Amino acid sequence: MMKMLEGKNVIVTGTARGIGHKMVEIFAQNGANVFAHARKETQEHKQFCEQLTVKESVQIIPVYFDLQDEDAIKDAVKSIRSTKLSIDGLVNNAGVTYNALFQMTNMDELRKQFEVNFFAPYLFTQYISKLMIRNKKGSIVNVSSSAALDGNSGKSAYGASKAALLTMTLSIAEELGASGIRANVICPGVTETDMVSTMPEYISEVQKEAAFLKKLGKTDDIANTAMYLLSDYSSYITGQVFRVDGGVTQYSKR
């Protein structure tokens, strides 16, 4: 069977669980070596990386750092660079969510949203794109959110931080294009993760009904889209925004 990412070296942030966890699994199945970031080192994450390395005959290299620590980000980049592996792809997947009405939004929480969801991937991408520029190739995939496009109630802080990430991506797509580097955005809708499983059932049902496909997204849906954007099959696609939400649009909400 043909593997879409055969021989590519990819970095994914936020792989301890959810979408990022599934990305590592699917990328490895498709032949990629993956630097799998998590905020904290845990035995569970280390075993996940070790077992996937053996099972898929690729390198799954755990990388641990806090996205709010600039020095730790710099050290992580040095560690990645020391492997001498050329970097073909970067997926900025890690992020934090926050729900609060505009008038109730705490300024400390607002700053945290931007620190993790925007400033950290901005800085990390600056470093990693320099490694890509040396090789005149690379694909950057930033995971934003449908909240960045739709302006959902209670999501002003989260949506704004993800909208900033989206706009950054469109800008760097133009700036880095001459160096052979592509940059695209994925905007997931509500996706079945541990976080969503804690929602009251009626909220999940409302989300399902809002989607044209009448179901929630799965982590595979987002991971497969990212895999396509990292692969050579999307070699002429850059500066694009991909909604992966089952058809939930502003029009359908009104």
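How many salt bridges does the count come to in this structure? The count comes to 7 salt bridges, where a salt bridge is a side-chain nitrogen of Lys or Arg within 4 Å of a carboxyl oxygen of Asp or Glu. The model is predicted, and local features need pLDDT of at least 70, side-chain atom pairs count only at pLDDT 80 or more, and totals for chains, interfaces and linings use all residues. Residues are numbered from 1 along each chain as its sequence is written, and side-chain values use heavy atoms, with hydrogens and water left out.

One of these salt bridges joins Glu41 to Lys46, with the closest N and O atoms 3.5 Å apart. Glu41 is exposed at 51% relative accessibility, while Lys46 is partly exposed at 26%; here buried means under 20% relative accessible area, exposed over 50%, and partly exposed in between, with a 1.4 Å probe and protein chains only.

Another salt bridge pairs Arg111 with Asp108, at 3.6 Å between the closest N and O atoms. Both residues lie in helix H4 (residues 107-135) and, because they are 3 residues apart there, about one helical turn separates them. Helices (H or I, at least four residues) and strands (E, at least two) are DSSP runs, numbered from the N terminus. Arg111 is exposed at 53%, and Asp108 is exposed at 56%.

On the surface, Asp69, Glu70, Asp71 and Asp75 gather in a patch of negative charge. Patches are made of residues with over 30% relative accessible area and no salt bridge, like charges being joined within 9 Å and nonpolar side chains (Val, Leu, Ile, Met, Phe, Trp, Tyr) within 5 Å. Asp71, in helix H3 (residues 70-82), is exposed at 53% relative accessibility. A nonpolar surface patch of about 340 Å² is made by Met2, Tyr228 and Tyr233, and Tyr233 sits in the loop between helix H9 (219-230) and strand S9 (241-244), partly exposed at 48%.

Turning to the cysteines, Cys49 is buried at 1% relative accessible area, and Cys187 is buried at 0%. The count of disulfides comes to 0, a disulfide being a pair of cysteine sulfur atoms within 2.5 Å.

Technical notes. Areas by Shrake-Rupley, 256 points an atom, 1.4 Å probe, with all protein chains shown as cover. Lys, Arg positive; Asp, Glu negative; His and termini not counted. Charge placed at Lys NZ, Arg CZ, Asp CG, Glu CD.
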